[in-house]
Amino acid sequence: MMKKRGCLFYLHVMMLLISAVLGLLSVILGAYIAHGVLGASQKLMHNLTTALNYHQLYAMMSFLILLYSISLKQRSCLLLFASACFIVGIVLFSFGIYGANLWHIDSALHFTPIGGSLFMLGWLILCLYIVRLLKIKP
């Protein structure tokens, strides 16, 4: 007999897939930045490397948080929300920098501070989750 899974489980799995795709894109963009942007200025390479570092870090963070949350008996909406902040943060922060520097969409840079704020919010939510864990009695 198949175990019935709730809506929250499938939301976790969909976001896990999005995190994995973002991780794949970070490797593809990393290869392109390392080998396809030859002769670029130091400033351009610094900007792209910064975007790539955050992209890779938060794709991995989101993936691991969701994997952990899926493994729990009681899935956590807080962990789901923290992961969502990281995913949207990647799109706004890293892709804002990619857009401005690779594709010359200067207006994309306006979204980077929002993405950075979402990274901070995600960490704050993780802190809240940990504080809640400390209050639970075994």
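Predicted model: local features only at pLDDT ≥ 70, side-chain atom pairs only at ≥ 80, totals over all residues.
**View 1**
A disulfide is a covalent bond between the sulfur atoms of two cysteines. A search of the whole structure finds zero disulfides. Cys7 likewise takes part in none, its nearest cysteine sulfur being that of Cys77, 11 Å away.

**View 1. The chain as a whole, with its four helices.**
The secondary structure of the chain consists of four helices and zero strands, so that the pattern read along the sequence is α-α-α-α. The C-alpha trace spans about 55 × 35 × 20 Å along its principal axes. Of the 138 residues in the chain, 39% count as buried.

**View 2. The packing of helix 3 against helix 4.**
Two packed helices are described by the angle between their axes and the distance between the axes. For helix 3 (residues 77-101) and helix 4 (112-135), the angle is about 160° and the axes are 7 Å apart. Helix 3 is therefore roughly antiparallel to helix 4, since angles over 145 degrees are assigned to that class. Helix 3 passes helix 4 in a left-handed crossing. Sorted by class, the residues in the contact of helix 3 with helix 4 are 20 nonpolar, six polar and one charged.

**View 3. The crossing of helix 1 and helix 3.**
Helix 1, which covers residues 7-35, has an axis that comes within 11 Å of the axis of helix 3, and the two cross at roughly 25°. At that angle helix 1 is roughly parallel to helix 3, because the class takes in angles under 35 degrees. The crossing of helix 1 and helix 3 is left-handed.

**View 4. Aromatic pairs and an aromatic cluster.**
The count of aromatic pairs, taken over ring centres that lie within 6.5 Å of each other, comes to nine. One of these is formed by Phe9 and Tyr10, an edge-to-face pair with 5.3 Å centre to centre and 80° between the planes. Phe9 counts as buried, at 13% relative accessibility, whereas Tyr10 counts as partly exposed, at 45%. The rings of Phe95 and Tyr98 also make an edge-to-face pair, because their planes stand at 90° with the centres 5.3 Å apart. Phe95 and Tyr98 both lie in helix 3, three residues apart, or about one turn of the helix. Tyr98 is buried, with a relative accessible area of 0%, and Phe95 counts as partly exposed, at 24% relative accessibility. Elsewhere, Tyr54, Tyr58, Phe86, Phe93, Phe119 and Trp123 form one aromatic cluster.

**View 5. His104 and His110 in the loop between helix 3 and helix 4.**
Most residues other than glycine have a negative phi. His104, although it is not a glycine, has a positive phi of about 55°. His104 is found in the loop between helix 3 and helix 4 and is exposed, with a relative accessible area of 64%. His110 lies in the loop between helix 3 and helix 4 as well, and counts as exposed at 61% relative accessibility. The C-alpha atom of His110 is separated by 7.5 Å from that of Gly96, with the two residues 14 apart along the chain.

**View 6. Met60 of helix 2 and Gly23.**
Met60 is found in helix 2, which covers residues 42-71, and counts as partly exposed, at 49% relative accessibility. Although Met60 and Gly23 are 37 residues apart along the chain, their C-alpha atoms are separated by 6.8 Å.

Terms used:
Residues numbered from 1 in each chain as written. Heavy atoms only, no water. Phe/Tyr/Trp six-rings, centres within 6.5 Å; stacked < 30°, edge-to-face > 60°. Buried < 20%, exposed > 50% of the residue type's maximum accessible area, 1.4 Å probe, protein only. Axes fitted to C-alpha atoms, helices over the stretch in contact; angles between N-to-C directions. Parallel < 35°, antiparallel > 145°, perpendicular 65-115°, else oblique. Left-handed = near helix turned anticlockwise from the far one by under 90°. Nonpolar A, V, L, I, M, F, W, Y, C, P; charged D, E, K, R; others polar. Disulfide = S-S within 2.5 Å.
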